[in-house]
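Please open the model in your viewer and keep the sequence panel beside it. The stops below go from the whole chain to single side chains, each with something to select.

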Amino acid sequence: QRQVVESGGGLVQSGGSLRLSCIGSGFTFASYGMKWYRQAPGKERELVAAIAHDGGRRDYADSVKGRFSISRDNAENTVFLQMNSLKPEDTAVYYCNAVWSLDSLEAGYWGQGTQVTVSP
C-alpha cells in the first residue's frame with residue numbers, strides 16, 4: 001500500500017517553531033519529489049514547499065521564504081518541514097504529497113494531514 005503519513009503538528013504560540021515529518025511507504029521514496037501543502041479554513045489548498053527526489057531543488061511559497069525549510073532523509077523515507085517564526089496566518093492543516101515530478105500535475109500520494117495552530 002502506497003502511502004504517506006504526516007506527524008508533528010500541534011498548538012504553538014506566535015514566533016514559535018514546529019517540525020513536521022512525513023514518512024512514505026509502499027513506493028520508492030528516493031525517486032519521488034515531495035511537497036508540503038496547507039489548507040486553512042475557507043481557503044484553497046496552497047503549496048508551501050517542495051523538494052526534488054535528491055534534494056537538489058527546493059521551492060518555497062513567498063509567504064514562508066526565510067521562515068520554513070524543507071529537507072529529506074531518503075535513508076529513512078522521510079521528508080521534513082521545519083517551521084520557524086510561526087504566525088497565526090500559518091494556521092492550517094498541512095499535507096504531504098509524493099509526486100514523480102515536481103512540475104507535473106499528477107495527483108501523487110497524499111497523507112491525511114496534520115493540524116498546525118498558531119495562537120497570537
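## The whole chain

Begin with a surface view: the protein chain exposes about 6200 Å², of which carbon and sulfur atoms supply 47%, with accessible areas taken from the Shrake-Rupley method with a 1.4 Å probe and, for residues, only the protein chains shown counted as cover. This is a predicted model, in which local features need pLDDT of at least 70 and side-chain atom pairs count only at pLDDT 80 or more, while totals for chains, interfaces and linings use all residues. Residues are numbered from 1 along each chain as its sequence is written, and side-chain values use heavy atoms, with hydrogens and water left out.

Switch to a cartoon, where the protein chain shows zero helices and 11 strands; here helices (H or I, at least four residues) and strands (E, at least two) are DSSP runs, numbered from the N terminus. The radius of gyration of the protein chain is 13 Å, close to the 14 Å that the globule rule gives for 120 residues, so the chain is as compact as a globular protein of that length; the radius is taken over C-alpha atoms, and the rule is 2.2 Å times the number of residues to the power 0.38. Along its principal axes, the C-alpha trace spans about 40 × 25 × 25 Å.

Colouring by accessibility brings out the burial: of the 120 residues, 42% count as buried, where buried means under 20% relative accessible area, exposed over 50% and partly exposed in between (1.4 Å probe, protein chains only). Among contacts with a separation of 6 or more, 55% come from residues 24 or more positions apart, a contact being heavy atoms within 4.5 Å.

Next, select the charged side chains, of which 12 are positive and 12 negative, with the centres of the two sets 2 Å apart. Lys and Arg count as positive and Asp and Glu as negative, while His and the chain ends are not counted; the place of a charge is NZ of Lys, CZ of Arg, CG of Asp or CD of Glu.

## The aromatic rings

Show the side chains of Phe, Tyr and Trp, among which a search of the whole structure finds seven aromatic pairs. Rings (for Trp, the six-membered ring) pair if their centres lie within 6.5 Å, and planes under 30 degrees apart count as stacked, over 60 as edge-to-face and the rest as tilted.

Centre the view on Tyr37 and Trp110, whose ring centres are 4.9 Å apart with planes at 45°, so the pair is tilted. This pair links distant parts of the chain, with Tyr37 in strand 4 (residues 33–39) and Trp110 in strand 10 (residues 109–110), 73 residues apart. Tyr37 is buried at a relative accessible area of 15%, whereas Trp110 is partly exposed at 32%.

Because Tyr95 lies in strand 9 (residues 92–99) and Trp110 in strand 10, the pair ties together parts that are 15 residues apart in sequence. Tyr95 counts as buried, at 14% relative accessibility.

Then select Phe27, Phe29, Tyr32, Trp100 and Tyr109, which ring pairs link into a cluster.

## Stops in the loops

Move to Ser31, in the loop between strand 3 (18–25) and strand 4, which is partly exposed at 28%. With residues up to four places away set aside, Ser31 touches His53 and Trp100. Ser17 is 14 residues from Ser31 in sequence, yet their C-alpha atoms are 29 Å apart.

Gly56 sits in the loop between strand 5 (46–51) and strand 6 (58–60) and is exposed, with a relative accessible area of 66%.

Finish with two backbone angles. Asn77, in the loop between strand 7 (68–73) and strand 8 (78–83), has phi near 55°, a positive value in a residue other than glycine. Ser85, in the loop between strand 8 and strand 9, has a positive phi near 50° and is partly exposed at 40% relative accessibility.
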